[in-house]
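Thanks for making the time; I would like to walk you through one structure this morning, starting with its aromatic rings and then turning to one of its helices.

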Amino acid sequence: MNRFDEVVAMFWNGGDFGVQEPLTDEMVQEAERELGVTLPLALLDLLRVQNGGVVADDHDAFPANQPTSWSEDHVPFDHLMGIGRDEGATSLLDTPYLVEEWGLPTPLVLLSGDGHCWIGLDYRMCGRDGEPSVTWFETDLNAELVLADDFCSFVEGLTSSSSYEDSSAG
């Protein structure tokens, strides 16, 4: 397991796909107002380094303690949405629309996903101002799996998908 501050320094892959404009305090306040939640400080620390985009290969998977439709032993985390409204880049601000579109529970803030599977901050147990767990949601199967108790622990537990024998259940 890595320490959060060590992961932050090497979290992003360096490309510009999905990257929003640099994060400001005003953008954070607007996002929290629109989403109706307090975002975790660890998430904001990552987004202040780079506001969304593709995750480095060393941090593009999270181990799962039970099989999912994706894999027997992990879930993908190849990108993290930022906060913003840049055309062509999905954002944390798209969460209300995506939650409704895919029939997901609330309150939730989506971090990564493609519609059929999502990783999100799950505020159902902690309340809108608490520290949310990080949960895997499979919309086609109406299934979910808590991955980590909080975002910091989630980031510290990220690994490389190449370390798994089979990268997807296919």
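I will take the ring pairs and then the helix.

This is a predicted model, in which local features need pLDDT of at least 70 and side-chain atom pairs count only at pLDDT 80 or more, while totals for chains, interfaces and linings use all residues. Residues are numbered from 1 along each chain as its sequence is written, and side-chain values use heavy atoms, with hydrogens and water left out.

Searching the whole structure gives 5 aromatic pairs, where rings of Phe, Tyr and Trp (its six-membered ring) pair if their centres lie within 6.5 Å, and planes under 30 degrees apart count as stacked, over 60 as edge-to-face and the rest as tilted. One of them joins F11 and W12 edge-to-face, at 4.8 Å centre to centre with 90° between the planes. F11 is buried at a relative accessible area of 0%, and W12 is buried at 11%, buried meaning under 20% relative accessible area, exposed over 50% and partly exposed in between, with a 1.4 Å probe and protein chains only.

Ring pairs link F11, W12, F62, F77, F151 and F154 into a cluster, and both F62 and F154 are buried.

Turning to helix 2, residues 25-35, where helices (H or I, at least four residues) are DSSP runs numbered from the N terminus, as are strands (E, at least two), the buried residues are M27, V28, A31 and L35. They lie on the same side of helix 2, because they cover an arc of only 100° around the axis, taken from the directions from the helix axis to the C-beta atoms. The face turned away from that buried side carries the exposed residues E26 and R33.
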